[in-house]
Amino acid sequence: MAGKLRVGVIGFAHMHINELMRQMHAQPGVEWVACADTVPNRPELVDAKNTRGWNKNAIALGELGIPKGYDDYREMLSNEKLDLVIFCPENSRHGEVAEAIAAHGAHMLTEKPMAASLSEALRMSRAAEAAGVSLIVNWPITWSAAVRTAHRVINEGLIGDVWQVKWRAGSMGPLSHGSVHPGVDGTMVEMTDTERGATWWHQADTGGGALLDYCCYGACLSRWFIGEPAVAANGSRDTADRRVVREIPNPELFGTNDDMRIRYVMEQMKGGRDSEFRRVATELRETYAGRCQVCEFDPRIRYAQEICHVHHVVWLSRGGDNDRTNLMVLCPNHHAIVHRDDAPFDYGSLAFSFANGSVEALRLNLHLPGIA
C-alpha cells in the first residue's frame, strides 16, 4: 500500500490488544489515527493493569501516543478515514464490531477467540466478504516455535496420521495476581474478587469464562494439526463451591487469597477422580495383557509398548464414571473411530455400531456384564 497505513483501534476489553498494538507500532509506515472502547454491560470498578481502562489510557493514548480517543466507536468510524482497525472488545461483541468496521471499508485484525458463537463468527466472515476487506484472527500459540515444528512434522508425515490431539492448559484467570501477558511489562497486581467479578471476563453474557479463553486453543490446534473441521463437540467442567473452599484444612496457610483456596480444592477434586481412573485403568490393562478388546491387537508383543487406551463407554462429559463396567481397553485406532463416530455400545450384544452400518463385537471380555 502506497503512503501511510492509517490504523485505528476499537475495544480494550482483552488485554492482548496491547501486544497487537505494540507489534503494529513497530512496523514502518503505520500512522495511528484514533481509538475507542465499547461500553461495558456493567461498569468496572478499577483501572488496574490489563483492565480495559488501563489498556486504553496507559498504553494506547499514553505510551503509544494514539492522538484521538473516542467514547463511541461508531462516531470514530464515521469521522475518521481508516485503512485497518485492530479490535479486541468483549468476545460477545466481535460480530457487532466487525460488521461496523467492514461497512467502513477497513481491513481488520482481532484476537482469539474469533467470536463467542458460530453464528457470530459467520456474521464476521460474511461481513468481510461482502465488503471486500480482509479479516485476520490472531492465534498467539501458532507463533510458538514448538507448535510450528509440530505442525511441520505432521505435514511431512514423519509421525504418521494424527487421530487425536490432547490439549491441557489453565491458569487462575487473566486478571489473577501474578499473571503475565504479552505486550505488558510486569505481572498483575492483586485485585479483589469483587473487582474481578465486575470485569467482562467473569460474566457469561459477554463471552467471558475459561471455555472461550483457554479451550479455544485446543480447538485451534486440533483443527490445524488434523486438517479437518470438527463435526461435534462436547465438554464438562469442575466447579468449586466457595462454601467448600472455606473448609480447607489449615486455611491460615493460604492467607486471604481466594485464588489459592480454589486451586487447592480443584486439585483435590481432579486428583481424586484421576487417581481412581488410573487405578482401574491399570487393572484393566493387566486383565487383558495390554490387548484391545475389539481386535485383540497386542502392542506389548509387537512393540514392547503399552499404547492401548482405556475408554469410557459413557463419557465423563455425559455423566459417566470410572466404574469398571463403564470402561474397556481399546487400541488407538478403535478408540479414535469410536469417538469420531460417537459409536453406541450395546451391553446386550457387547458390540459397537458404527456410522457406516458395521458392527464390531468385543473379542475379549473378562469384566463386563453379559459374559458368556
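Contact here means heavy atoms within 4.5 Å. This is a predicted model, in which local features need pLDDT of at least 70, side-chain atom pairs count only at pLDDT 80 or more, and totals for chains, interfaces and linings use all residues. Residues are numbered from 1 along each chain as its sequence is written, and side-chain values use heavy atoms, with hydrogens and water left out.

**The chain as a whole**

- The chain has 12 helices and 11 strands; helices (H or I, at least four residues) and strands (E, at least two) are DSSP runs, numbered from the N terminus.
- Of its 372 residues, 43% count as buried, where buried means under 20% relative accessible area, exposed over 50%, and partly exposed in between (1.4 Å probe, protein chains only).
- Among contacts between residues at least 6 apart in sequence, 64% join residues at least 24 apart.

**His14**

- His14 lies in the loop between strand S1 (5–12) and H1.
- Its relative accessibility is 3%, so His14 counts as buried.
- Apart from neighbours within four places in sequence, His14 is in contact with Asn55, Cys88, Glu111, Lys112, Trp200 and Trp201.

**Helices H1 and H2**

- Two packed helices are described by the angle between their axes and the distance between the axes.
- The axes of helix H1 (residues 17–25) and helix H2 (residues 52–63) come within 11 Å and cross at roughly 10°; axes are lines fitted to C-alpha atoms, for helices over the stretch in contact, and angles run from 0 to 180 degrees between N-to-C directions.
- H1 and H2 are therefore roughly parallel to each other, a term for angles under 35 degrees, with over 145 counting as roughly antiparallel, 65 to 115 as roughly perpendicular and the rest as oblique.
- H1 contributes Ile17, Asn18, Met21 and Arg22 to the contact, and H2 contributes Trp54, Asn55, Ile59, Ala60 and Glu63.

**Helix H5**

- The 14 residues of helix H5 (residues 118–131) should span 20 Å at 1.5 Å a residue, and the end C-alpha atoms are 20 Å apart, which agrees; the expected span is 1.5 Å times one less than the number of residues.
- Glu120, Ala121, Met124, Ala127 and Ala128 of H5 are buried.
- Gly132, with a positive phi near 70°, follows H5.
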